[in-house]
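Subject: Structure handed over, with notes on what was found

Dear colleague,

Please find below the structure that I promised to pass on to you. My notes on it follow directly after, and I would be glad if you read them with the model open beside them.

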Amino acid sequence: MFLFAHNLIIGFEGTNTEHACVKKMLNYAKQNKIKGVIIFRRNIYNYGQLKRLTQAFKQAKPDIEIASDEEGCWAPFKGVSRLYKLVGPVPSALQMAKNHTPEEAYKIYRKYAQRLKNLGITMVFGPVADLHSDTCPAIGKYERAFSSDPKKVIAYAKSFIRAFKDEGIKTVVKHYPGHGLSCLDTHAETTNVTQTWQKKEAIPFRALSKYTPYVMMAHIIDDKVDKDVETSLSAKHYANARAMGYKHLITDDLHMGGVQIRHQPIIEAIRKALAMGAIVIASNMPKSAPNFKFEPDFDLPDKL
């Protein structure tokens, strides 16, 4: 399979077009060396600033993806939203399913999508299609999953997808093939789910492929599928996700500790995922394991 280096969604530093890193990213966009950029809090000063920044990227590359992790967040550590301070509180997935019907959820998510659209966001990494478990440190702890019931997850995820689609924003369901019952967190460490993953975790992903062509590949390892290989780097997992009907497979952030501590230099893992036809997220955020040093690399598009 060919290596499409421009299938990269990259994180950057800076809040305006005078910043050296922003200038570099704008040049990459103009040269079609990146597919998109991902917005983090380090890129946000205020509403008007972010809107000017996203407009600059769209002028450089009209079809650029401007992405953000947006699942809904109503309080610190209750849900995930990078733009929480600009778009306001939205119920976490767990609270949404507890307190609102799917129809009510659609209306809330539609307003959420409108606010993000006004800021220039074109793609959100959400909804979470994982199953809820109170013991999961990556998902359950932060109320990121709708329910432990696959049918309920499907119903609310569909409301999310439909609301964002109606505002012209792409949605990426995550974290394939299911991170919700894991006992470890891929942000920081290698996470093997061979003993904990259950078949019911696949149910939402199979159903939701009818509503969005985008899915995010987790960094979890399931030896029953591909021994000692992260989902995001596994040809077998990619084949399984495509067989479900997903057309665009996006890696979870390859700068997360769960990948960094096993793959150095990290550019080789990025090349491997690109060669499988994936869209790769490289956040350049130091989300590594304790005592593991990581240096951001903003020259990745040229090196690839």
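I begin with strand β9 (residues 214–217), which runs parallel to β10 and is joined to it by four bridges; helices (H or I, at least four residues) and strands (E, at least two) are DSSP runs, numbered from the N terminus, and two strands pair if DSSP finds at least two bridges between them. Within this pair, V215 has L249 of β10 as its bridge partner.

Please bear in mind that this is a predicted model, in which local features need pLDDT of at least 70 and side-chain atom pairs count only at pLDDT 80 or more, whereas totals for chains, interfaces and linings use all residues. Residues are numbered from 1 along each chain as its sequence is written, and side-chain values use heavy atoms, with hydrogens and water left out.

The β9 and β10 strands belong to an open sheet of three strands in the order β8-β9-β10, paired in parallel. Its edges are formed by β8 (173–176) and β10 (248–251), each of which pairs on one side only, and the twist from one strand to the next averages 35°.

A further open sheet has six strands, again with parallel pairing, in the order β7-β6-β3-β2-β1-β11. Here the edge strands are β7 (170–171) and β11 (280–282), each pairing on one side only. Strand β1 (residues 8–11) runs parallel to β11 and is joined to it by three bridges, with I9 standing opposite I281 of β11.

Turning to the helices, the axes of α5 (residues 102–118) and α6 (residues 150–166) come within 8 Å and cross at roughly 35°, where axes are lines fitted to C-alpha atoms, for helices over the stretch in contact, and angles run from 0 to 180 degrees between N-to-C directions. The contact (heavy atoms within 4.5 Å) is made by residues including Y109, A113 and L116 of α5 and Y156, F160 and F164 of α6. By class, its residues divide into 12 nonpolar, one polar and three charged, with Ala, Val, Leu, Ile, Met, Phe, Trp, Tyr, Cys and Pro counted as nonpolar, Asp, Glu, Lys and Arg as charged, and the others, Gly among them, as polar.

The axes of α1 (residues 20–30) and α2 (residues 47–60) likewise come within 8 Å, crossing at roughly 30°. V22, M25, L26, A29 and K30 of α1 meet L53, A56, F57 and A60 of α2 in this contact.

The largest nonpolar core has 77 residues, of which F12, F57, Y109, L116 and F164 touch the most other members; such a core is a set of buried Ala, Val, Leu, Ile, Met, Phe, Trp, Tyr and Cys residues joined through side-chain atoms within 4.5 Å, and buried means under 20% relative accessible area, exposed over 50%, and partly exposed in between (1.4 Å probe, protein chains only). Helix α6 gives this core its largest share, eight residues. Apart from this core lies another, of 12 residues, among them F40, A67, V172 and Y214.

Finally, E167 lies in the loop between α6 and β7 and counts as buried because its relative accessibility is 9%. Leaving aside neighbours within four places in sequence, E167 is in contact with R110, A113, Q114 and K117.

With best regards
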